[in-house]
Amino acid sequence: MAKCDVCGKGVNFGIKVSHSHRRSNRAWKPNVKRVKVVVNGTPKHMYVCTKCLRSNKVQRV
């Protein structure tokens, strides 16, 4: 579910490194909100990241 419907931004995986340099897997998830937007003149619920909301890539209802 952590995927933007506008730009396709999704989960990134990497390795968390502690102070003692022990390594473990982790995930960075985008800040995705469920918002009501206008698509082709009709309102619709979409999952949109906050970067797309701030840059006005979608028009909210």
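Helices (H or I, at least four residues) and strands (E, at least two) are DSSP runs, numbered from the N terminus. By that definition, the chain of this predicted model holds 1 helix and 4 strands, and along the sequence these follow the pattern β-β-β-β-α. The radius of gyration, taken over C-alpha atoms, is 16 Å, well over the 10 Å that the globule rule gives for 61 residues, so the chain is more spread out than a compact globule; that rule is 2.2 Å times the number of residues to the power 0.38.

Residues are numbered from 1 along each chain as its sequence is written. In this predicted model, local features need pLDDT of at least 70 and side-chain atom pairs count only at pLDDT 80 or more, while totals for chains, interfaces and linings use all residues, and side-chain values use heavy atoms, with hydrogens and water left out.

Strand 3 (residues 32–39) and strand 4 (residues 42–49) run antiparallel and are joined by 8 bridges, where pairing requires that DSSP finds at least two bridges between two strands. Within this pair, Lys 36 stands opposite His 45, and in the hairpin, which has 2 residues between the strands, Asn 40 takes a positive phi near 55°.
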